[in-house]
Amino acid sequence: GRLPAAAAVAALVQEAHARYRGVADGKVADYIPALAKARPDWFGICVAGTGGAVHEVGEAAQAFSIQSISKPFVFALVCQALGGGRAREAVGVNATGLPFNSVMAIELNADRTMNPMVNAGAIATTSLAPGANAEERWRFIREGLSRFAGRDLVMDEEVYASEAATNQRNQGIARLLWGYGRMYSDPEEATDVYTRQCALNVTAHDLAVMGATLADGGVNPVTKERVVDAERCKRILAVMATAGLYEQSGDWLYEIGLPGKSGVAGGIVTIAPGKGGLGVFSPPLDEAGNSVRGQLVTRFLSERLGLNLFASQ
Ligand code: GLN
């Protein structure tokens, strides 16, 4: 099926914004110092249908760094380049049930694989990107994410510099994986490329279009360009459903019933397969690092637009 009629979607997007605008819970991330500059009242929502229609409200054009929302899209590009079998075997696809930057998750799994939605698996995924060196791998990722968005995405230099100066933990994770044979190119370079990919600026509008591309079997519904094969999309959506919101992925799937992915700058992307993508931006986060208003809006719209994948009608 498709999304409900355009006027109904537009009205619900407006209603979601009005409903949750006043919510003041959560805290803007500050472990990456530059992120602390975000305004807690920024609030943008965008829905993009697989037919190409886009509905948005609030600060849907405000730029923010994509952070962990880059992870499913980079995994999709790497699966496309290497074959899904190879990527799965190299990175793993099981949920960790642990925070996104967990080292214990690596130690607890006998074969030391993770999943591409947490830092360890995401850095391993980035280390697999095709290219003779870090510069080429970075270009592959930036250009690929830009195709998902349908426009040229640019890195936020300040966010990159801020995270590069404070990401010793991610460097440690990459080295640990290297020691276990689970990094596939130089760990320092891979961490640097990963830090760059996380600092790419997007908007809620971009997230909706990127999500709609996964919803549309890999074809960007606005530019009509095929970014990845449909065969990849369903696999990426499966791993988002089980691990997209870190240790709260079970709660998310229970309430919302859709694959989604959050980032610490306050974005969340959600995919309604065959129907469309939802992008929400609101910087204040809960304890797990997921946008508070982003989750509220997504739950509301999943229910009111009838998107839950587990609903029988
Ligand atoms: N760049 C961030 C990090 O690696 C991304 C984390 C996130 O968005 N959850 O810590």
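## Basis

Two strands pair if DSSP finds at least two bridges between them. Helices (H or I, at least four residues) and strands (E, at least two) are DSSP runs, numbered from the N terminus. The model is predicted: local features need pLDDT of at least 70 and side-chain atom pairs count only at pLDDT 80 or more, while totals for chains, interfaces and linings use all residues. Residue numbers start from 1 along each chain as its sequence is written.

## The sheet

β1 and β7 run antiparallel and are joined by six bridges. Among these two strands' residues, I45 has V280 of β7 as its bridge partner. On β6 (residues 267–272), the pairing with β7 (residues 276–281) is also antiparallel, over six bridges. T270 stands opposite L278 in β7, and G267 has F281 in β7 as its bridge partner. A hairpin is formed by β6 and β7, with three residues between them. G274, in the turn, has a positive phi of about 80°.

The open sheet contains five strands in the order β2-β1-β7-β6-β5, with antiparallel pairing. At its edges stand β2 (54–58) and β5 (260–262); each has a single partner strand, so one side of each is left without a neighbour in the sheet. On average, neighbouring strands of this sheet are turned by 10° against each other, direction ignored. Axes here are lines fitted to C-alpha atoms, for helices over the stretch in contact, and angles run from 0 to 180 degrees between N-to-C directions.

## Surroundings of β7

Helix α13 (residues 292–304) packs on the sheet and touches β1 (44–49), β5, β6 and β7. The direction of α13 makes about 150° with that of β7. Contact between two residues means that their C-beta atoms, placed from the backbone, lie within 7 Å.

Six of the six residues of β7 are buried, so β7 is largely enclosed by the rest of the structure. G276, L278 and V280 point one way from the strand, and G277, G279 and F281 the other way. A residue is buried if 20 or more other C-beta atoms lie within 10 Å of its own, exposed if 12 or fewer, and partly exposed in between, with C-beta atoms placed from the backbone.

## Two domains

The protein is divided into domain 1 (6–67 + 200–304) and domain 2 (69–198), with bounds from an automatic or database domain assignment. Their C-alpha centres lie 20 Å apart. In the contact between them, 40 residues of domain 1 meet 38 residues of domain 2. On the domain 1 side, the elements giving two or more residues are β4 (201–202), α10 (204–215), α11 (230–243), β5 and β6. The largest share, seven residues, comes from α11.

## The ligand shell

Around the ligand are Q67, S68, F100, N101, N119, E163, N170, C198, G263, V264 and G289, each with its C-beta atom, placed from the backbone, within 6 Å of the ligand. By class, the shell has three nonpolar, seven polar and one charged residue. Ala, Val, Leu, Ile, Met, Phe, Trp, Tyr, Cys and Pro count as nonpolar, Asp, Glu, Lys and Arg as charged, and the others, Gly among them, as polar. Both domain 1 and domain 2 give residues to this shell, so the ligand lies between them.

Q67, of the ligand shell, is in the loop between β3 (64–65) and α2 (70–82). Its phi is near 50°, a positive value in a residue other than glycine. Q67 counts as buried because it has 26 C-beta neighbours inside 10 Å.

R112 lies in the loop between α4 (104–108) and α5 (119–127), and its phi is near 65°, also positive in a residue other than glycine. R112 is partly exposed, with 18 other C-beta atoms within 10 Å.
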